[in-house]
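Have the viewer open while you read.

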Amino acid sequence: MLKHFQKLFKHLFQQQLREIKSMKPAKLDFKKINQEAMALFATLVRRWLPNGSLVGREWVPCNPTRNDRTPGSFFINLDNGCFYDFATSEGGRGAIALYAYINKVSYYEAAKFLVKELHYN
């Protein structure tokens, strides 16, 4: 009886392992996701970094990736999506890149989050 259960368990384990190996991450259209997010970029930035202020067309919050106590070195352009921290020389462009940067997640994980946030299919 024990051998029967061992054999059954081994078979089920191997089947699950094959299924896991065959799984591939969902393909995401990064360009389309970024375009959709950029249409709402100012709203998203204010939601993600609510303690900033508007200076011209740039949002100036404290940088959440470091111990930044006062705004003034981290800028996010609300028109083109460029962001840059003059204190650390780090930056990027686009909604996906910004979300990935401020939350310390991969570009792929940030895109997946934005798909949910935008209710995009």
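Is F86 buried or exposed? F86 counts as exposed, at 57% relative accessibility, since the cut-off for that label is over 50%. Keep in mind that this is a predicted model, so every value here is computed from its atoms.

**The overall layout**

The chain has 121 residues, and 31% of them are buried. Its secondary structure comes to five helices and five strands. Reading from the N terminus, the order is α-α-α-β-β-β-β-β-α-α. Among contacts with a separation of 6 or more, 43% are between residues 24 or more positions apart.

**Aromatic pairs**

There are seven aromatic pairs in the structure. In one of them, F30 and Y107 have ring centres 5.3 Å apart and planes at 50 degrees, so this pair is tilted. F30 sits in helix α2 (residues 30-39) and Y107 in helix α5 (residues 107-118), so the pair links parts of the chain 77 residues apart. F30 is partly exposed, with a relative accessible area of 29%, and Y107 is partly exposed too, at 38%.

F86 comes back here, because its ring pairs with that of F75. The geometry is edge-to-face, with 5.9 Å centre to centre and 80 degrees between the planes. F75 belongs to strand β3 (residues 74-77), while F86 is in the loop between β4 (82-85) and β5 (90-93), so the pair ties together parts 11 residues apart in sequence.

Elsewhere, ring pairs join W48, Y99 and F113 into a cluster.

Why call helix α4 (residues 95-103) largely enclosed? Eight of its nine residues are buried, so the rest of the structure largely encloses it. Those buried residues are A95, I96, A97, L98, Y99, A100, Y101 and I102. Their cover includes α2, α3 (41-48), β3, β4, β5 and α5. After α4 comes K104, with a positive phi near 55 degrees.

As a general point, nonpolar side chains in soluble globular proteins tend to be buried together. Here the largest nonpolar core has 25 residues, and W48, F74, I76, L98 and L114 have the most contacts inside it. The elements giving two or more residues to this core are α2, α3, β3, α4 and α5. Of these, α4 gives the most, with eight residues. For a close-up, pick L98: leaving aside neighbours within four places in sequence, L98 is in contact with F41, V45, W48, F74, I76 and F83.

N80 lies in the loop between β3 and β4.

| Residue | Relative accessibility | Class |
|---|---|---|
| T65 | 17% | buried |
| D68 | 14% | buried |
| N80 | 29% | partly exposed |

What does the side chain of T65 make a polar contact with? The partner is the side chain of Y101, at 3.3 Å, and Y101 is one of the buried residues of α4. Not counting residues up to four places away in sequence, T65 touches E90, Y101, I102 and K104. K104 is the residue with the positive phi that follows α4.

With residues up to four places away in sequence set aside, D68 touches P61, C62, N63 and S73.

N80 also reaches a backbone nitrogen, that of C82, with its side chain at 2.9 Å. Beyond four places in sequence, N80 touches M38 and R93. The C-alpha atoms of N80 and F41 are separated by 9.0 Å, although the two residues are 39 residues apart along the chain. F41 is also one of the residues in contact with L98.

Key
Residues are numbered from 1 along each chain as its sequence is written. This is a predicted model: local features need pLDDT of at least 70, side-chain atom pairs count only at pLDDT 80 or more; totals for chains, interfaces and linings use all residues. Side-chain values use heavy atoms; hydrogens and water are left out. Rings of Phe, Tyr and Trp (its six-membered ring) pair if their centres lie within 6.5 Å; planes under 30 degrees apart count as stacked, over 60 as edge-to-face and the rest as tilted. Helices (H or I, at least four residues) and strands (E, at least two) are DSSP runs, numbered from the N terminus. Buried means under 20% relative accessible area, exposed over 50%, partly exposed in between (1.4 Å probe, protein chains only). Contact means heavy atoms within 4.5 Å. A polar contact is a pair of N or O atoms within 3.5 Å; within protein, one must be able to donate a hydrogen and the other to accept it, and residues adjacent in sequence count only if both atoms are side-chain atoms. A nonpolar core is a set of buried Ala, Val, Leu, Ile, Met, Phe, Trp, Tyr and Cys residues joined through side-chain atoms within 4.5 Å.
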